[in-house]
Amino acid sequence: MPLVKTHIITSAVLAITLYPFINLNAIIVFLSGVLIDVDHYIQYVIDFKDFSLKRAYNYFIKEMPKDALQIFHVVEFWIILLAVSVFIETLRYAIVGVALHITLDF
């Protein structure tokens with residue numbers, strides 16, 4: 001599992017590279033490449049009833065629970081995102097960031 005820093009740096013590089021072509025939509029690429037991991041935090045809060053971002057981060061760095069459902073990391077979410085992006089242009093840029101993130105996770 002790549003560190004958050006890796007996702008931030010690679011998403012930033014991609015967004016900067018795409019900026020001349022997609023202008024401010026590059027921000028969506030960046031944010032979607034990083035914020036997709038919010039599902040880890042949500043899972044931590046549900047499991048431990050603890051809102052500490054630092055403890056959640058450390059928990060997932062030490063171990064990735066095998067039975068945890070990371071809602072934004074499943075193929076069903078990507079299919080829904082892709083289907084809805086036909087109607088909402090902004091989501092097309094989000095798909096780029098999500099694709100980068102998932103690629104790094106593999």
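**Exercise 1. Describe how Tyr 44 and Phe 48 are placed in helix H3.**

Step 1. Tyr 44 and Phe 48 both belong to helix H3 and are 4 residues apart, about one turn of the helix. Helices (H or I, at least four residues) are DSSP runs, numbered from the N terminus.

Step 2. This is a predicted model, in which local features need pLDDT of at least 70, side-chain atom pairs count only at pLDDT 80 or more, and totals for chains, interfaces and linings use all residues. Residues are numbered from 1 along each chain as its sequence is written, and side-chain values use heavy atoms, with hydrogens and water left out.

Step 3. Tyr 44 counts as buried because its relative accessibility is 6%. Phe 48 counts as partly exposed, at 41% relative accessibility. Buried means under 20% relative accessible area, exposed over 50%, and partly exposed in between (1.4 Å probe, protein chains only).

**Exercise 2. Which residues form one aromatic cluster with Tyr 44?**

Step 1. The structure holds 5 aromatic pairs. One of them is the pair of Tyr 44 and Phe 48, which is tilted, with 4.9 Å centre to centre and 35° between the planes. Rings of Phe, Tyr and Trp (its six-membered ring) pair if their centres lie within 6.5 Å; planes under 30 degrees apart count as stacked, over 60 as edge-to-face and the rest as tilted.

Step 2. Both Tyr 59 and Phe 60 are buried. Tyr 59 and Phe 60 form an edge-to-face pair, with 5.1 Å centre to centre and 80° between the planes.

Step 3. The cluster consists of Tyr 44, Phe 48, Tyr 59 and Phe 60.

**Exercise 3. Where does Asn 23 lie, and where does Lys 49 lie?**

Step 1. Asn 23 is in the loop between helix H1 (4–22) and helix H2 (25–35). Lys 49 is in the loop between helix H3 (38–48) and helix H4 (53–62).

Step 2. Most residues other than glycine have a negative phi. Asn 23 is not a glycine, yet its phi is positive, about 55°. Lys 49 is not a glycine either, and its phi is positive at about 50°.

Step 3. Asn 23 is partly exposed because its relative accessibility is 46%. Lys 49, with a relative accessible area of 67%, is exposed.

Note on methods:
Helices (H or I, at least four residues) and strands (E, at least two) are DSSP runs, numbered from the N terminus.
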